[in-house]
Amino acid sequence: MCPAAGRQRISDRLLARLSEARAVSDQLFRLVRPEALYDRPIPERHRILFYVGHLEAFDTNLIVRDTLGRDPVDPALNRLFSFGIDPVDGKTPQDKPADWPALSAVQAYAGRARREVDACLEEPNSQPAIYPVEQIIQVAVEHRLMHAETLAYMLHQLPAERKISGPVHADTNSIPPAPRRVEIPAGRVTLGLVPNEETPFGWDNEFRAHTVDVPAFAMDAGKVCNAQFLEFLRAGGYDHRSLWTDAGWEWKNAAGISRPVFWTEKSGVWHYRTMFGEVPLTPAWPVYVSHGEASAYARWRGVALPTEAQFHRAAYGTLEGHERLYPWGDAAPDSSRGNFDCKHWTPTPVGAHPAGRSAFGVDELLGNGWEWTCTPFAPFSGFEPFPFYKGYSADFFDGKHYVMKGASPRTAACFLRRSFRNWFQAHYQYAYAGFRCVTS
């Protein structure tokens, strides 16, 4: 018997969420041709095969071993598939496909691990769990959905012939909206969550709630679009030393960075790599770039990236002083409010969702691309790591990762909560991450 008891019955809602999250990740793996599962589309990441095992290893280690106290099905493979990588020193993994188990063995392991998790969750109670099981399932669900997004942008870099083809749609004739600046008055914002029994689920870095006073500033009404960033590129922005930090300049030159990673140039014409094929560069789509590229663009314009607190003020603040759950108000997210929750494989034109506008008139603060801030990812006062996942946030409090806010087209709806914080290292080009600028 699995020592899962002493706990209340797990809600059908949570078990359904776990099943739905699995369906999302399973769908992504089905996009990859079997012979491509040993590919490494992003040099800094593991091969695709790793993630086939990792999602199930994470669940069985967290739920079966750490929470319910039972030895998992295959300790050796659990260890092999336990941890991803995020190198920030320019080093890339050097393993070869032959260093990994056969695909059939990995798929068999993943199936056994998933069945073991389900068996433990379905067994009747017998003794207390080590950690609150419902919280642990929330962790498993959101961990999987995070990986569904990172897998999407990883597969985005996989050549089209290595994938099962899908739709290539783009409104290449869309015209970017005229640039507009919005004045945001001074005010107080609330960052983070209050830890209590009524609090919705949050990751350790979302705690604890605290207030920050934000002076008045002005913000771009929309994300920086491809057309605007093309002006920066054509003006020689990648070649002007004064626009780059020392680390950014070294990275750019060492890696030969001269354009956004989603762009390609053919015979003097710019194209955009979508998930399933190339299209002419769409001027009105938001540009997706690294923090280093976004910062260089902001310096070129004589402005800056917003702080985390400025983003919150623009997104959730009001003239009356109270804060909204979402930029548009307290109504639940739906497709009229923004491009999120895995409805599309591509961006939509900047400003295409006016129903998602904030109280101050700022567009698309949720959806259509994460937004870089200039705030290094760091703990809030009173931070306590999850005892069952101590390195989730703390391993990245290194001054080399920056907070991102908002959401992308492939961000699940559960991450649209106001307190959620995403982060990446400054020189990572592959995420669906854009930006907008501010002036004080």
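Which residues of H4 are buried? The model examined here is predicted, with local features requiring pLDDT of at least 70 and side-chain atom pairs counted only at pLDDT 80 or more, while totals for chains, interfaces and linings use all residues. Residues are numbered from 1 along each chain as its sequence is written, and side-chain values use heavy atoms, with hydrogens and water left out.

The buried set of H4 comprises Leu-103, Val-106, Tyr-109, Ala-110, Ala-113, Arg-114, Glu-116, Val-117, Cys-120 and Leu-121. Viewed down the axis of H4, these buried residues fall within an arc of 160°, so they line one face of the helix. The arc is that of the directions from the helix axis to the C-beta atoms. Buried denotes under 20% relative accessible area, exposed over 50%, and partly exposed in between (1.4 Å probe, protein chains only). Ser-104, Arg-115 and Glu-122 are exposed on the face of H4 turned away from its buried side. Helices (H or I, at least four residues) and strands (E, at least two) are DSSP runs, numbered from the N terminus. The 20 residues of H4 should span 28 Å at 1.5 Å a residue, and its end C-alpha atoms are 29 Å apart, which agrees. The expected span is 1.5 Å times one less than the number of residues in the helix.

Salt bridges were examined next. Side chains of opposite charge can pair when their charged atoms come close. The criterion is a side-chain nitrogen of Lys or Arg within 4 Å of a carboxyl oxygen of Asp or Glu. The count by this rule is 24 salt bridges. One of them joins Asp-95 and Arg-47, at 2.9 Å from N to O. This pair links distant parts of the chain, 48 residues apart. Asp-95 sits in the loop between helix H3 (75–80) and helix H4 (103–122), and Arg-47 in the loop between helix H1 (12–30) and helix H2 (48–67). Arg-47 is buried, at a relative accessible area of 11%.

Asp-66 pairs with Arg-65, with the closest N and O atoms 2.7 Å apart. Asp-66 is partly exposed at 23% relative accessible area. Arg-65 is also partly exposed, at 39%. In a further salt bridge, the closest N and O atoms of Arg-188 and Asp-213 are 2.8 Å apart. Arg-188 belongs to strand S2 (residues 187–191) and Asp-213 to strand S3 (residues 210–214), so the pair ties together parts 25 residues apart in sequence. Asp-213 counts as exposed, at 52% relative accessibility. Salt bridges also link Asp-26, Glu-56, Asp-59, Arg-114 and Arg-144 in a network.

A search of the whole structure returned one cavity of 30 Å³ or more. On a 1 Å grid over the protein atoms alone, a cavity is a set of points where a 1.4 Å probe fits but cannot get out, and lining residues have an atom within 4 Å of a point. Grid points are joined across faces, edges and corners, and a volume is the space filled by probe spheres set on the points. The lining consists of His-156, Tyr-272, Tyr-288, Trp-345, Thr-346, Pro-347, Pro-409, Arg-410 and Tyr-432. By class, six are nonpolar, two polar and one charged. Ala, Val, Leu, Ile, Met, Phe, Trp, Tyr, Cys and Pro count as nonpolar, Asp, Glu, Lys and Arg as charged, and the others, Gly among them, as polar.

Trp-370 lies in strand S8 (residues 369–376) and is buried, at 2% relative accessibility. Its C-alpha atom is 9.0 Å from that of Thr-411, 41 residues apart in sequence.

Key:
On a 1 Å grid over the protein atoms alone, a cavity is a set of points where a 1.4 Å probe fits but cannot get out, and a pocket is an open set with protein on both sides within 12 Å along at least five of seven lines; lining residues have an atom within 4 Å of a point.
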